[in-house]
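Hi,

Here is the structure I promised to pass on.

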Amino acid sequence: MQLIFLLVLTSATSALDNGLMRTPPMGWMSWERFHCNIDCENDPKNCISENLFRGMADRLAEDGWKEMGYDHVMIDDCWSSMLRDKDGRLQPDPQRFPGGIAKLARYLHNRGLKLGIYGDLGTHTCGGYPGTTLDKIETDAQMFASWGVDFLKLDGCYSNEEEQQKGYPLMSKALNATGRPIGYSCSWPAYRGGLLPSVNYTLLGEICNLWRNYDDIQDSWDSVQEITDWFFDNQEILQPGRWNDPDMPVYMDQSRSQMALWAIMAAPLIMSNNLRTLNHGLYTKFTVYSPFLCLYVTLFFLQKRSHIEVYWRPLSQSASALVFLSRRQDMPYHYHTSLAKLNYTAGSYKAYDVFTGKTLSGLSATTEFTVSIDPSGVVMWYVYPRMHYEHPQDDVYKVWSCVKRKCVPIAVIPPFHH
C-alpha cells in the first residue's frame with residue numbers, strides 16, 4: 001500500500017495581525033487541476049462553477065480531509081461575469097454560479113469549511129476577467145465581506161509596479177475595515193522576481209498573511225524540483241517563520257516527496273486535484289498534528305552527496321525534522337551518516353520515520369545509520385532527544401487512516417506513545 005504523509009509544522013506567526021492563519025493554511029484550490037475551464041455545456045462536472053466547489057466541499061467534509069486540517073475551498077480565476085454590475089461591483093457568472101457566492105459560502109460554512117476567492121490587482125485577471133483597479137479596492141473588499149468570503153488571493157496580472165506598491169497595502173487596509181476576518185494572500189513578490197531589493201518582505205509581513213514568491217507550479221516532478229531549488233537557494237531572505245507559498249501540492253507519483261519538502265518549509269498546503277476520483281482504497285492518508293512551535297530560524301540545507309540532499313528544520317523543545325531527498329533517477333540509494341555528521345550535539349535520540357511509522361531508538365549522536373531512499377523519493381524523520389520523550393507534554397500527534405472515504409484516528413505517535 002502506498003502511503004502519503006502530511007507533516008504539519010505549526011507555528012505562531014508574526015505576519016499580518018488580523019488573528020488569522022497562525023499556522024499555514026490548508027485546503028483545496030481549483031487552478032492547477034481545472035484552470036479556466038468554463039465549458040459547462042460539454043464538461044459540466046469539471047467546469048468552474050458552483051457545482052464544482054460544492055462537490056469539493058462535500059469531499060473535504062465527508063472524506064476526512066477537514067478533520068486533518070484541510071478546511072478551505074479556494075475559488076481561483078474565471079469565476080466572475082465579464083462585466084461588473086450597474087453599480088460597478090463584481091458579480092459571479094450567472095450561468096455557472098446561479099446561486100451566487102454568498103449562497104456558496106453558506107453551503108461551506110454549514111459544513112465547517114471556509115471559502116476563498118480570487119481577485120487581481122489590475123485592469124483584468126490573468127484569465128481576462130474584471131480586475132480590481134485602485135479605485136475599486138474598497139468596493140471589492142466590501143463585496144467579498146458581504147458574501148461571507150474567508151480568504152482572498154490577490155493576483156497581479158495587468159498591473160504595474162507603482163499600482164502594486166499602492167494596491168496591495170490598500171487592499172489589506174480595506175479588508176480589515178470590513179470587520180470580517182478575511183485571510184489575505186499576496187502575489188506581489190512573484191511579480192517582482194521574489195528577491196531583494198525588489199521585494200520588501202518586512203512590509204509584506206505587516207500587510208499579508210501569506211504570499212506567493214515564485215512561478216506557478218506545473219503537474220510535474222521537474223516543476224516541483226525547480227521551485228524547491230529556488231526556495232532553498234534563497235531561503236535566507238524569505239522571512240523565516242512566515243508563510244512563503246511555493247504553490248499547490250499536486251497529485252503525482254512523487255507526492256510523498258513534495259509533501260515532505262512543503263512540510264519542512266512550513267508551506268501552506270492548498271492542494272489542487274480531483275478529490276472525487278482519488279482512489280481511497282489504495283491510498284492511506286496520514287497527518288501529524290503538532291502544537292509544537294516552529295522556531296523562527298532559517299531552514300538549513302545540510303549535505304549533498306551522491307545526488308542525495310539532506311534538509312533540517314529545528315522545532316521547539318529541542319525536536320527537529322530531517323528530510324533525505326534523492327535527486328537520483330537510477331536506483332534506490334543507501335545513504336550512510338550519523339546525527340553528529342548532521343550537526344547534532346552529543347546525546348541520546350529517537351527518530352520517528354513519518355512514512356513507515358517505525359521508530360529508531362537508542363541513537364547517540366555518533367551512531368552510524370543507513371537510510372534507503374528511492375529514486376526521486378524521500379525519507380522524513382522527526383528527531384527528538386531523550387529529555388523530550390522522558391517528559392512528555394500534552395501535545396497531540398494523530399495518525400489518520402482513510403479507506404473508502406472514511407477517516408479515523410488509529411494511533412498517537414511518538415514521543416508520547418512508547
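Let's begin at one end of a strand pairing: Pro 314 sits opposite Ser 320, which belongs to S13. Before you go further, keep in mind that this is a predicted model.

Pro 314 is part of S12 (residues 308-314), a strand that runs antiparallel to S13 with 7 bridges between them. The hairpin they make has 5 residues between the strands, and there Gln 317 has a positive phi near 55 degrees. S13 also pairs with S18 (residues 378-385), again in the antiparallel sense, over 6 bridges. Across that pairing, Phe 324 has Val 379 of S18 as its bridge partner.

- Cys 40 is bonded to Cys 47, with an S to S distance of 2.0 Å. The link is right-handed, at 100 degrees about the S-S bond. Cys 40 lies in the loop between helix H1 (31-34) and helix H2 (50-62). Cys 40 counts as partly exposed because its relative accessibility is 25%, whereas Cys 47, at 1%, counts as buried. Leaving out neighbours within four places in sequence, Cys 40 touches Cys 47, Ile 48, Ser 49 and Arg 96. Its C-alpha is also 8.9 Å from that of Gln 95, which is 55 residues away along the chain.

- Cys 126 and Cys 157 form another disulfide, sulfurs 2.0 Å apart. It joins distant parts of the chain, 31 residues apart: Cys 126 is in the loop between strand S4 (114-120) and helix H4 (137-147), and Cys 157 in the loop between strand S5 (151-155) and helix H5 (161-177). The S-S torsion is about 95 degrees, so this one is right-handed. Cys 126 is partly exposed at 34% relative accessible area, but Cys 157 is buried at 16%.

- Cys 186 and Cys 208 are joined too, with their sulfur atoms 2.0 Å apart. Which hand does this disulfide have? Its torsion is about -95 degrees, so it is left-handed. Cys 186 is buried at 0% relative accessible area, and Cys 208 is buried at 0%.

Cheers

Note on methods. Residues numbered from 1 in each chain as written. Predicted model: local features only at pLDDT ≥ 70, side-chain atom pairs only at ≥ 80, totals over all residues. Heavy atoms only, no water. Pairing = 2+ DSSP bridges. Helix = DSSP H or I, 4+ residues; strand = E, 2+ residues; numbered from the N terminus. Buried < 20%, exposed > 50% of the residue type's maximum accessible area, 1.4 Å probe, protein only. Contact = heavy atoms within 4.5 Å. Disulfide = S-S within 2.5 Å.
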